[in-house]
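Here are my notes on the model you sent over. Have the structure open while you read, and take the points in order.

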Amino acid sequence: MIERADVVVIGSGGLGAATAFYLARRSDRHVALVDRHDLASQTSPRAAGLVAHARSTDLMVQLVKLAAEGIERFTADTGEPLDWTRSGSLKVARRREDADVLEAELARVVRHGLDGEQIEPDEAQRLNPLLETDGVLAVLRLADDLYFDPAQVAIGFARGAEAHGATVLPHTSVTRVVVDDGRVTAVETNRGTIRTPVVVDAAGAWTRQVAEAAGIRVPLVPTRHQLFVTEPIEGVRPDLPIVRIMDAAVYVRPCDGGLLWGVFEEGPQQLDIDAQRPGFQIRDLALDADVLRRAAEDVQAQLPVLRDAVVREHRGGLPTMTADGQHIVGPAPGADGFFVAGGCNVAGLSISPAIGQALAAWIVEGAPPVDLSPLALSRFASLPEDELRRQAAWRYRHFYVSA
């Protein structure tokens, strides 16, 4: 156990591990990466591994571009393996209002120099024969989208951070971040106290608990997300474009000869971490396959392959949702040295290279390389808990149509 560190990063999921890596690589600061569980073992390896450039703001498109570059450079940067495929994607509208969203998204991605266009349904089916055209009104093709193996990202960043001199401390529970006279001074754990002037709260589903022990409210809601991975299916190739059905909130991508697919369900299960038994882990999360079966019925006209595909794996995680569907990144007001990297909004792993680089620059140089003020914690000055949960549930279900 160490007694001092220049920066303590709490949580070794995608956001935390990426921050620790970029900090360790770019500075002579001693970085400690702390996690209450095994490294990179919670929600991150249970993610879908999708990088989507069609986002609701210019800032998010900019960050996704940076993140995609980080995914492509991952092995060169970290020395760790990462399997990724630039398959492109097809975002499908079945309703007129969603077609209007696609037009706005197309204008945004083109403005950022990305390769996108609206195509006819027949052309979409040619690109991905698993997609049927019945009920399809409009399709946005994005050539820059990619997917990757989610199990390799957070652990790769953690190992890369350690290789650059970071101290990695799994099975170390943070009990309190000490804030004296408005400034971070230490992190108390079950294994002892680490003196430090800077803390990054990237604790995933436990982000609120870490912050609240220091008197800081981070308004986010851990929300169950589920997906299936199927057995191999004839005709599935790694280069088939990702398909997203907007109003059904269903996504599908190739995976080991089969398909990986999931849904952002209506009325999602929101968990209160404080109400869970001691020692709760994401592997203990109760799953409900009927949610996915109903989603398959919803999109059977467009993706009939999902109805009869044999399921090889059913997994789920606890991404954290915010009231506006945007991440929470940056310093906590009133606690100098306390940074937050949370509110992943079911896209944290894919955005982690960009957030990690930005936070590392912020901590080392005093400012991020891009203006992250729209993601500031202070934008949620006062939001009642019931309203937070209502808005977070809406953002979850409408992940593809809230542009």
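Two strands count as paired if DSSP finds at least two bridges between them, and the helices (H or I, at least four residues) and strands (E, at least two) are DSSP runs numbered from the N terminus. This is a predicted model, so local features need pLDDT of at least 70 and side-chain atom pairs count only at pLDDT 80 or more, while totals for chains, interfaces and linings use all residues. Residues are numbered from 1 along each chain as its sequence is written, and side-chain values use heavy atoms, with hydrogens and water left out.

1. Start with strand S5, residues 89–93. S5 pairs with strand S16 (residues 242–245) in the parallel sense, over 4 bridges, and there Val-92 sits opposite Ile-245. S5 also pairs with strand S7 (residues 138–142), this time antiparallel and over 5 bridges; Ser-89 faces Leu-142 in that pair.

2. How many of the residues of S5 are buried? The count is 5 of its 5 residues, where buried means under 20% relative accessible area, exposed over 50%, and partly exposed in between (1.4 Å probe, protein chains only). In a regular strand the side chains alternate between the two faces of the sheet. Here Ser-89, Lys-91 and Ala-93 point one way, Leu-90 and Val-92 point the other way, and all are buried. Have a look at Lys-91 in that list.

3. Next, the open sheet of 6 strands, which runs S9-S2-S1-S13-S22-S21 with mixed pairing. Strands S9 (167–169) and S21 (328–331) are at the edges with a single partner strand each, so one side of each has no neighbour in the sheet. From one strand to the next the twist averages 15°. Within this sheet, S1 (residues 7–10) and S2 (residues 31–34) are parallel partners over 4 bridges, with Val-8 opposite Ala-32.

4. Another open sheet has 3 strands, in the order S10-S11-S12, and its pairing is antiparallel. S10 (174–180) and S12 (192–195) are the edge strands, each pairing on one side only. The twist here averages 25° from one strand to the next. S11 (residues 183–189) joins S12 through 4 bridges, and Thr-189 lies opposite Gly-192.

5. Val-8 turns up again in the largest nonpolar core, which has 67 residues; Val-8, Val-177 and Phe-338 have the most contacts inside it. A nonpolar core here is a set of buried Ala, Val, Leu, Ile, Met, Phe, Trp, Tyr and Cys residues joined through side-chain atoms within 4.5 Å. Helix H4 (residues 96–111) gives the largest share of this core, 5 residues. Apart from it there is another core of 47 residues, including Val-31, Met-60, Ala-68 and Ala-354.

6. What does Phe-338 touch? Setting aside residues up to four places away in sequence, its contacts (heavy atoms within 4.5 Å) include Val-177, Val-184, Val-199, Ala-211 and Ile-216. Asp-201 is on the list too.

7. Two helix pairs deserve a look. The axes of H1 (residues 14–26) and H6 (residues 153–163) come within 8 Å and cross at roughly 25°; axes are lines fitted to C-alpha atoms, for helices over the stretch in contact, and angles run from 0 to 180 degrees between N-to-C directions. That makes H1 roughly parallel to H6 (under 35 degrees is roughly parallel, over 145 roughly antiparallel, 65 to 115 roughly perpendicular and the rest oblique). Among the residues that meet are Ala-17, Phe-21 and Ala-24 in H1 and Phe-157 and Ala-161 in H6.

8. In the other pair, H2 (residues 58–72) and H10 (residues 348–365) pack at an angle of about 95° with axes 7 Å apart, which means H2 is roughly perpendicular to H10. Met-60, Leu-63 and Ile-71 are among the H2 residues that meet H10, where Ile-351 and Ala-354 are among the partners.

9. Finally, two aspartates: are they buried or exposed? Asp-77, in helix H3 (residues 74–78), is buried at 17% relative accessible area and contacts Phe-21, Tyr-22, Arg-25 and His-164, leaving aside neighbours within four places in sequence. Asp-35, in the loop between S2 and strand S3 (50–51), is buried at 10%. Asp-35 and Ala-203 are 168 residues apart in sequence but 7.8 Å apart in space, C-alpha to C-alpha.
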